[in-house]
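Subject: Structure handover and notes

Hello,

Please find the structure below, followed by my notes on it. Have a look at the coordinates before reading on.

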Amino acid sequence: MKKVLFTATVDSHILAFHIPYLKYFKEQGYEVHVATNGSAEIPYCDKKYTVSYERSPYKINNIKAIFTLRKILLKEKYDIIHTHTPMGSVVTRLAAKTSRKKFHTRVIYTAHGLHFFKGAGIKNWLLFYPVEKYLAKYTDTLILINKEDYQLAMKKFKKCKDIHYVPGVGIDKEKFNIKMTQKEKTALRKSLNLASTDFVMMYPAELNKNKNNILLIEVMTTLIKKYPNIHLLLAGRDSYNGYYQKIVKERNLDHNIHFLGFRKDIPSLLKITDLSVASSLREGLPVNIMEAMYMEVPIVATIARGVMDLIKNNKNGYIIAKNDVKSFTKKVEKLYNDKNRRLLMAKNNKELIKPFMLDKVMKEMEKIYEAGRNEE
């Protein structure tokens with residue numbers, strides 16, 4: 001029986017994005033394995049390995065992880081390895097050097113947003129670019145999920161002979177095709193201390209430095225003075241030690257800015273959302289924006305790779321320069337006051353999201369998987 005291994009730094013990455021792909025390989029008759037730094041149960045996974053990947057490139061555990069994974073690869077003799085996440089993919093490709101030669105294992109790497117890009121700091125270029133350039137020769141197939149990364153890879157990573165652009169991992173419509181009555185929407189709003197007349201914005205994302213939630217706090221500081229019924233929902237794990245909550249409390253904004261923590265009901269929350277917002281400094285292809293598009297919610301977001309692939313200015317939302325509080329505030333205010341424009345943008349979103357849906361993306365990935373199989 002043929003074997004495939006999926007690797008990533010943490011279980012949550014596999015669980016959030018790759019279950020349909022594990023299912024695909026199971027249906028193709030493969031034995032499916034997963035290697036992460038975690039112990040969660042993974043659907044469609046026949047064997048789970050725990051490997052000491054760390055997100056930080058400075059952690060000694062990543063060296064240990066190379067040797068651990070190398071032993072696993074020599075034992076299992078995989079036909080395909082599909083690796084994800086920055087450090088997970090570095091460790092995997094270094095560990096797979098022998099397997100590629102000995103067993104002709106095909107190594108596929110999906111980069112969910114390269115750490116070096118236009119506008120990235122010199123540190124990112126000095127640290128990550130040489131590593132990725134070196135590892136290109138140990139990558140049989142490289143997949144980029146936004147057009148900027150794809151163009152960069154085609155230009156810089158000549159040693160990888162098989163490079164593809166695939167628009168993300170795909171939005172699963174089954175997850176978002178939910179129906180809610182007006183009574184249910186009102187009840188959900190009430191549970192969040194929101195009235196039916198409140199204007200609700202949402203940013204479902206981890207609370208960290210990169211997500212730059214301080215921009216949204218600044219925007220809200222201005223807007224609340226003029227529109228006291230405007231609210232912001234911040235749904236995501238806090239990885240910033242309460243930094244944003246402290247600022248919100250100090251400014252007495254806690255009536256209007258709601259920290260929801262990690263939520264499993266994002267589709268329902270989008271049903272009661274008037275406007276999706278995003279303030280990231282760096283993105284690959286933001287899932288939160290794709291989800292908002294499918295749920296027909298207009299968007300205001302800061303400029304970043306991936307964001308530009310999704311938002312067509314003035315058509316389904318607005319793209320704002322990084323840290324431009326004034327422009328961001330103006331665009332939110334414009335949409336607050338113009339329901340017809342919001343409805344038009346919502347309608348446009350339904351059409352613009354089509355290329356990013358799971359069924360479309362799966363067809364692209366199947367072609368890539370099949371092409372490699374035909375070469376064997």
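The notes below cover pockets, cavities, salt bridges, a surface patch and some backbone details.

This is a predicted model, in which local features need pLDDT of at least 70 and side-chain atom pairs count only at pLDDT 80 or more, while totals for chains, interfaces and linings use all residues. Residues are numbered from 1 along each chain as its sequence is written, and side-chain values use heavy atoms, with hydrogens and water left out.

Pocket

The search runs on a 1 Å grid over the protein atoms alone: a pocket is an open set of points with protein on both sides within 12 Å along at least five of seven lines, a cavity is a set of points where a 1.4 Å probe fits but cannot get out, and lining residues have an atom within 4 Å of a point. Points are joined across faces, edges and corners, and a volume is the space filled by probe spheres set on the points. Helices (H or I, at least four residues) and strands (E, at least two) are DSSP runs numbered from the N terminus.

The second largest pocket holds about 550 Å³ of space. Its lining consists of 23 residues, and those nearest the centre are Lys185, Leu270, Lys271, Thr273 and Asp274. At least two lining residues come from each of α9 (182–191), α12 (266–271) and α16 (339–352). The largest contribution is that of α16, with five residues. Sorted by class, the lining has 10 nonpolar, five polar and eight charged residues. Here Ala, Val, Leu, Ile, Met, Phe, Trp, Tyr, Cys and Pro count as nonpolar, Asp, Glu, Lys and Arg as charged, and the others, Gly among them, as polar.

Cavities

There are two cavities of 30 Å³ or more. The largest cavity has a volume of about 70 Å³. Among the residues that line the largest cavity are His18, His82, His84, Tyr21 and Tyr369. The lining of the largest cavity divides into six nonpolar and five polar residues, with no charged ones.

The second largest cavity comes to about 30 Å³. Its lining is made of Arg93, Tyr109, Glu132, Ala136, Thr139, Leu142, Phe157 and Cys160. By class, that gives five nonpolar, one polar and two charged residues.

Salt bridges

The whole structure has 17 salt bridges, each being a side-chain nitrogen of Lys or Arg within 4 Å of a carboxyl oxygen of Asp or Glu.

One of the salt bridges pairs Glu76 with Lys3, at 2.6 Å from N to O. This pair links distant parts of the chain, with Glu76 in helix α3 and Lys3 in strand β1 (residues 3–7), 73 residues apart. Glu76 counts as buried because its relative accessibility is 4%, and Lys3 is buried at 16%.

Asp274, which is among the residues nearest the centre of the second largest pocket, forms a salt bridge with Arg189, the closest N and O atoms being 3.4 Å apart. Asp274 is in the loop between α12 and β11 (275–278) and Arg189 in helix α9, 85 residues apart. Arg189 has 10% relative accessibility, so it counts as buried.

Lys354 and Glu351 also meet through their side chains, at 3.1 Å from N to O. Lys354 is partly exposed, at 42%.

Surface patch

Ile60, Ile63 and Phe67 make a nonpolar surface patch of about 320 Å². Patches are made of residues with over 30% relative accessible area and no salt bridge, where like charges are joined within 9 Å and nonpolar side chains (Val, Leu, Ile, Met, Phe, Trp, Tyr) within 5 Å. Areas come from the Shrake-Rupley method with a 1.4 Å probe; for residues, only the protein chains shown count as cover. Ile63 sits in helix α3 (residues 61–76) and counts as partly exposed because its relative accessibility is 45%.

Backbone

Most residues other than glycine have a negative phi. Lys77 is not a glycine, yet has a positive phi of about 55°; Lys77 is in the loop between α3 and β4 (80–83). His104, also not a glycine, has a positive phi of about 60°. His104 lies in the loop between α5 (97–103) and β5 (106–111) and counts as exposed, at 66% relative accessibility.

Regards

Conventions. Buried < 20%, exposed > 50% of the residue type's maximum accessible area, 1.4 Å probe, protein only.
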